[in-house]
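The following exercises concern a single protein model. Please examine the sequence and the structure before reading each solution.

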Amino acid sequence: MDIAALSMGLSQMKISQEIGTSVLKMAMDTSEGQMADLTKMMETSVNPHIGGSLDISL
């Protein structure tokens with residue numbers, strides 16, 4: 001068994017895991033920001049007097 005090849009393989013696997021973790025963290029941060037923006041938009045756009053009824057005539 002080649003120790004150098006095993007060491008390189010483990011190092012590459014560790015780097016892959018670190019990259020995956022970083023990408024997942026960025027995705028979670030983006031999702032949190034989008035959720036905060038959506039919540040803020042919903043809170044500011046709530047107007048109980050508009051959209052309560054729909055009048056359609058043909």
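**Exercise 1.** In which helix is Met26 found?

*Solution.* The model is predicted, so local features need pLDDT of at least 70 and side-chain atom pairs count only at pLDDT 80 or more, while totals for chains, interfaces and linings use all residues. Residues are numbered from 1 along each chain as its sequence is written, and side-chain values use heavy atoms, with hydrogens and water left out. Helices (H or I, at least four residues) and strands (E, at least two) are DSSP runs, numbered from the N terminus. The protein has 1 helix and 0 strands. Met26 belongs to helix H1, which covers residues 3–45.

**Exercise 2.** Determine whether Met26 counts as buried, partly exposed or exposed.

*Solution.* Buried means under 20% relative accessible area, exposed over 50%, and partly exposed in between (1.4 Å probe, protein chains only). Met26 has 55% relative accessibility and therefore counts as exposed. For the protein as a whole, 0% of the 58 residues count as buried.

**Exercise 3.** Identify the residues that meet in a salt bridge and describe their setting.

*Solution.* A salt bridge requires a side-chain nitrogen of Lys or Arg within 4 Å of a carboxyl oxygen of Asp or Glu. This rule gives a count of 1 salt bridge. The side chains of Lys25 and Asp29 meet in a salt bridge, at 3.3 Å from N to O. Both residues lie in helix H1, 4 residues apart, about one turn of the helix. Lys25 is exposed, because its relative accessible area is 52%; Asp29, at 40%, is partly exposed.
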